[in-house]
Amino acid sequence: MIKNAVASLMVRLHLLPPPRAAPASTYHHHQRALRLPRPSSASLRPAAASMSTTAEQAVADQKRALRTEVRRALKALSPDQRASEDLAIQTTILNSSWFKASKRLCAYISCYQLREVDTSKILAECLPSSPGQEELAKDLYVPRVEDKNRNMRMLKITTMDDLVKNSMNILEPSPVDASGNDREDVLSASSPVDLFLLPGQAFDRTGRRLGRGGGYYDTFLLKYQELAKEKGWNQPLLASGIIPISPAALERM
């Protein structure tokens, strides 16, 4: 039931013209959103705007309803079932060719209370397991929320000890390292990222994502895509709901 609702909602979201101030969709590279035709007369603009606002409100209502439904379903999972599914998802990622080939990636720090898919094994695989193993590690950037205005940074860590709990008891990287130096921000890095691992509440089979509504990842990904375009970098592989989204990723599957 939830899967069908997700697929239906994602199709509706994809077909809606985006709000003027909202960033373009960053989760699916193979389709284009349909936009309403430009009015031929100024007198038609209020009607078109009204239609757009009504449609957007309908989608917003559906998103709220779907989030409630997904939260209820996740809450109903037993601890054993949740642990089993978390392990299966992480194993799928760790065994994938696209993860093994990645050298630099951004990944979220899972929060058990938010019922996010566990990422602890993935993060541990990225970081050096012991001194002298640094050459086998991946460059790992994890999120730090800066404020309530959708500003989020991805900062580099080299050990899980680099993480501290924020005011909401969620682990984030401290802004400076043990030596007092600013951590490297992925938006200031000299090399591109290969892979983004994104959280979300629901996904459809093409990887389109329904988040929690804060817009932090949408805003950050838009910034990164603009940076990649400016630098002439390839766009990173986005893994939403453990579905890689890019032509190159699909060829590797």
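1. Let's start with helix α3, where Arg82, Asp86, Gln90 and Ile93 are buried. Buried here means under 20% relative accessible area, exposed means over 50%, and partly exposed is in between (1.4 Å probe, protein chains only). Seen down the axis of α3, these buried residues fall within an arc of 60 degrees, so they line one face of the helix. The arc is that of the directions from the helix axis to the C-beta atoms. If you want the background, an α-helix has 3.6 residues a turn, so residues three or four places apart point the same way.

2. A quick word on what you're looking at. This is a predicted model, in which local features need pLDDT of at least 70 and side-chain atom pairs count only at pLDDT 80 or more, while totals for chains, interfaces and linings use all residues. Residues are numbered from 1 along each chain as its sequence is written, and side-chain values use heavy atoms, with hydrogens and water left out.

3. Back to α3 for its other side and its length. The face turned away from the buried side of α3 carries the exposed residues Asp80 and Asn95. What covers the buried residues of α3? The cover includes α4 (97-101), α5 (120-126) and β6 (195-198). The helix covers residues 79-95, 17 residues in all, and it reaches 24 Å from first C-alpha to last, close to the 24 Å expected at 1.5 Å a residue. That expected span is 1.5 Å times one less than the number of residues.

4. Now zoom out to the whole chain. You'll find 7 helices and 10 strands in the chain. Helices (H or I, at least four residues) and strands (E, at least two) are DSSP runs, numbered from the N terminus. Of the chain's 253 residues, 35% count as buried. Among the contacts in the chain with a separation of 6 or more, 66% come from residues 24 or more positions apart; contact means heavy atoms within 4.5 Å.

5. Next, the charged pairs. Side chains of opposite charge can pair when their charged atoms come close. How many salt bridges does the structure hold? There are 7 salt bridges in the structure, each being a side-chain nitrogen of Lys or Arg within 4 Å of a carboxyl oxygen of Asp or Glu.

6. One of these pairs sits in helix α2. Arginine 64 forms a salt bridge with aspartate 61, and their closest N and O atoms are 2.2 Å apart. The two are 3 residues apart in α2 (residues 45-76), so about one helical turn separates them. Arginine 64 is partly exposed at 46% relative accessibility, and aspartate 61 is partly exposed at 38%.

7. Another pair joins two strands. Aspartate 139 and lysine 156 meet through their side chains in a salt bridge (3.3 Å, N to O). Aspartate 139 lies in β2 (residues 139-145) and lysine 156 in β3 (residues 152-157), so the pair ties together parts that are 17 residues apart in sequence. Aspartate 139 is partly exposed at 24% relative accessibility, and lysine 156 is partly exposed at 25%.

8. Some of the bridges link up. Arg144, Glu146, Arg153 and Asp185 form a network of salt bridges. Glutamate 146 has a relative accessible area of 39% and is partly exposed; arginine 153 is partly exposed at 26%.

9. Arginine 209, in strand β8 (residues 209-210), is worth a look. Arginine 209 is buried yet has no salt bridge, and the nearest side chain of opposite charge, aspartate 218, is 4.2 Å away. For that search, Lys and Arg count as positive and Asp and Glu as negative, while His and the chain ends are not counted. Where does the side chain of arginine 209 reach? It reaches the backbone oxygen of proline 199 at 2.3 Å.

10. Arginine 115 has a phi of about 60 degrees and is in the loop between β1 (104-107) and α5. Asparagine 169 has a phi of about 65 degrees and is in the loop between β4 (163-165) and β5 (171-173). Arginine 115 is partly exposed at 33% relative accessible area, and asparagine 169 is partly exposed at 44%.

Terms used: A polar contact is a pair of N or O atoms within 3.5 Å; within protein, one must be able to donate a hydrogen and the other to accept it, and residues adjacent in sequence count only if both atoms are side-chain atoms.
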